[in-house]
Amino acid sequence: MAEQKEIVITEVCPRDGFQSLPIIPTGVKVEIINAILACGFKQLEVTSFVHPKAVPQLSDADEVLMKINRPENVILRALIPNLRGLERAIYAQVDKVKVMLSATDSHSINNANSKTFDAMREFAPLVKRAKETNMHIGGSISVAFGCPYEGIVPMERLIEICKRYEQLGITEISLADTTGMANPVSVKRVISNVRDKFPDFRFSLHLHNTRGMAFANAVAGFDEGIRDFDSSIGGFGGCPYAPNASGNISTEDLVHGFEEMGINTNLNIDKIIEVAKDLQKRFPEYSDSFILKAGKISDLHLAPPGQVKLGE
Ligand code: ZN
């Protein structure tokens, strides 16, 4: 079979982006999410059912879910930190939930107030309840390619986490470069190792562009067989628990780059750029996207009239 030249992008701005912006009124969120859905995404990370005190930016998650358009073939995914969050997600009828976990204990303590494997033990009742209600449940590993407190995460540690996910019955795993510490070589090493050990898992990449390496990392992941990527329109998003971590790779950069390489995203880049421009207008100091600055490669410019070069 020919290599699949197609990827699936999950738009995460309504979760990763909105939680790092000043509080957005519910009506505006609904407007933005509806515009995002019109770009053709098949999967959207729509919110996180966290405690309103922990992330006040997403305290209206339930209401947002009630008010947005829900095209039939779009999978809406939400993050859930606990059973209470899962019950809210079930009530809101999202299609998929995701639990989050940090690869290192120090990031986990900062993020979830417990060590990695302690936090993981709390997932068992969530999985049980999700399966009872036929809710699809996936997991993620934050700081998988490097932790701002502990540095590079040992391969054995990542494999142990995957093993425990497998024991729980979770086999769809998002590997997150939460603070932009990955490089194409480390991405290839991690992906080839975990895919080799867990051939039945579905791994995806969640890349932040903190040090300008996210697109190169995405291509490295693609080369290793990854076909699922997260990105955020306008490059909004960050990690409230990682100092100075900047945003997700912008969706327009990821889509544009892959499409230029002949890899199909099934998304409408022009509509995505429109939404990104609208968001940039609303939150100018938070956007981070090359395509917003430079436009598409295919946007040709009028050639300047002939001129005599200085110095010749
Ligand atoms: Zn993120």
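Author: A cavity, on a 1 Å grid over the protein atoms alone, is a set of points where a 1.4 Å probe fits but cannot get out. The model discussed here is predicted.

Reader: How many cavities of 30 Å³ or more does the structure hold, and what is the volume of the largest cavity?

Author: The structure holds one cavity of 30 Å³ or more. The volume of the largest cavity is about 30 Å³.

Reader: Which residues line the largest cavity, and which elements give two or more residues to the lining?

Author: The lining consists of P14, F18, K29, I33, V46, T47, L58, D60, A61 and V64. Two or more of the lining residues come from each of α2, β2 (43–48) and α3 (61–67).

Reader: How much space lies in the largest pocket, and which residues are the closest to its centre?

Author: A pocket, unlike a cavity, is an open set of points. In this model the largest pocket holds about 800 Å³ of space. It is lined by 37 residues, of which V50, P81, M100, N111 and A112 are the closest to the centre. At least two lining residues are supplied by each of α1, α5 (105–112), α7 and β6 (172–177).

Reader: Let us turn to the helices. What is the reach of helix α12 from its first C-alpha to its last, and which residues of α12 are buried?

Author: Helix α12 covers residues 269–282, 14 residues in total, and spans 20 Å from the first C-alpha to the last, close to the 20 Å expected at 1.5 Å a residue. Its buried residues are I269, I272, I273, V275, A276 and L279.

Reader: Why do the buried residues of α12 line one face of the helix?

Author: An α-helix has 3.6 residues a turn, so residues three or four places apart point the same way. In α12, the buried residues fall within an arc of 160 degrees when seen down the axis, and therefore line one face of the helix. On the other side of α12, E274 and K281 are exposed.

Reader: What lies at the start of α12?

Author: There, a side-chain oxygen of N268 comes to within 3.0 Å of the backbone nitrogen of D270.

Reader: Which residues are buried in helix α4, and which exposed residues does the face turned away from the buried side carry?

Author: In α4 (residues 83–91), the buried residues are G85, L86, R88 and A89. Seen down the axis of α4, these fall within an arc of 160 degrees, so they line one face of that helix. R84 and Y91 are exposed on the face turned away from the buried side. The packing partners of the buried residues of α4 are α3, β4 (96–99) and α7.

Reader: Where is the place of R129, and with which residues is R129 in contact, leaving aside its neighbours within four places in sequence?

Author: R129 belongs to helix α7 (residues 123–132). Its relative accessible area is 25%, which means that R129 is partly exposed. Beyond its neighbours within four places in sequence, R129 is in contact with L83, L86, E87 and I90. One of these, L86, is among the buried residues of α4.

Reader: Is T265 buried or exposed?

Author: Buried means under 20% relative accessible area. T265 has 4% relative accessibility and so counts as buried, although the residue lies in the loop between α11 and α12. The side chain of T265 makes a polar contact of 2.6 Å with the side chain of E259. With neighbours within four places in sequence left aside, the contacts of T265 are I7, I9, V255, F258 and E259.

Reader: What is phi of N113, and what is phi of N134?

Author: For N113, phi is near 65 degrees, a positive value in a residue other than glycine. N113 sits in the loop between α5 and α6 (116–121), and its relative accessible area of 67% makes it exposed. For N134, phi is near 60 degrees, again a positive value in a residue other than glycine. N134 is found in the loop between α7 and β5 (136–141) and is exposed, with a relative accessible area of 74%. A further case is Q93, which follows α4 and has a positive phi near 60 degrees.

Methods
Residues are numbered from 1 along each chain as its sequence is written. This is a predicted model: local features need pLDDT of at least 70, side-chain atom pairs count only at pLDDT 80 or more; totals for chains, interfaces and linings use all residues. Side-chain values use heavy atoms; hydrogens and water are left out. Helices (H or I, at least four residues) and strands (E, at least two) are DSSP runs, numbered from the N terminus. The expected span of a helix is 1.5 Å times one less than its number of residues. Buried means under 20% relative accessible area, exposed over 50%, partly exposed in between (1.4 Å probe, protein chains only). The arc is that of the directions from the helix axis to the C-beta atoms. A polar contact is a pair of N or O atoms within 3.5 Å; within protein, one must be able to donate a hydrogen and the other to accept it, and residues adjacent in sequence count only if both atoms are side-chain atoms. On a 1 Å grid over the protein atoms alone, a cavity is a set of points where a 1.4 Å probe fits but cannot get out, and a pocket is an open set with protein on both sides within 12 Å along at least five of seven lines; lining residues have an atom within 4 Å of a point. Grid points are joined across faces, edges and corners, and a volume is the space filled by probe spheres set on the points. Contact means heavy atoms within 4.5 Å.
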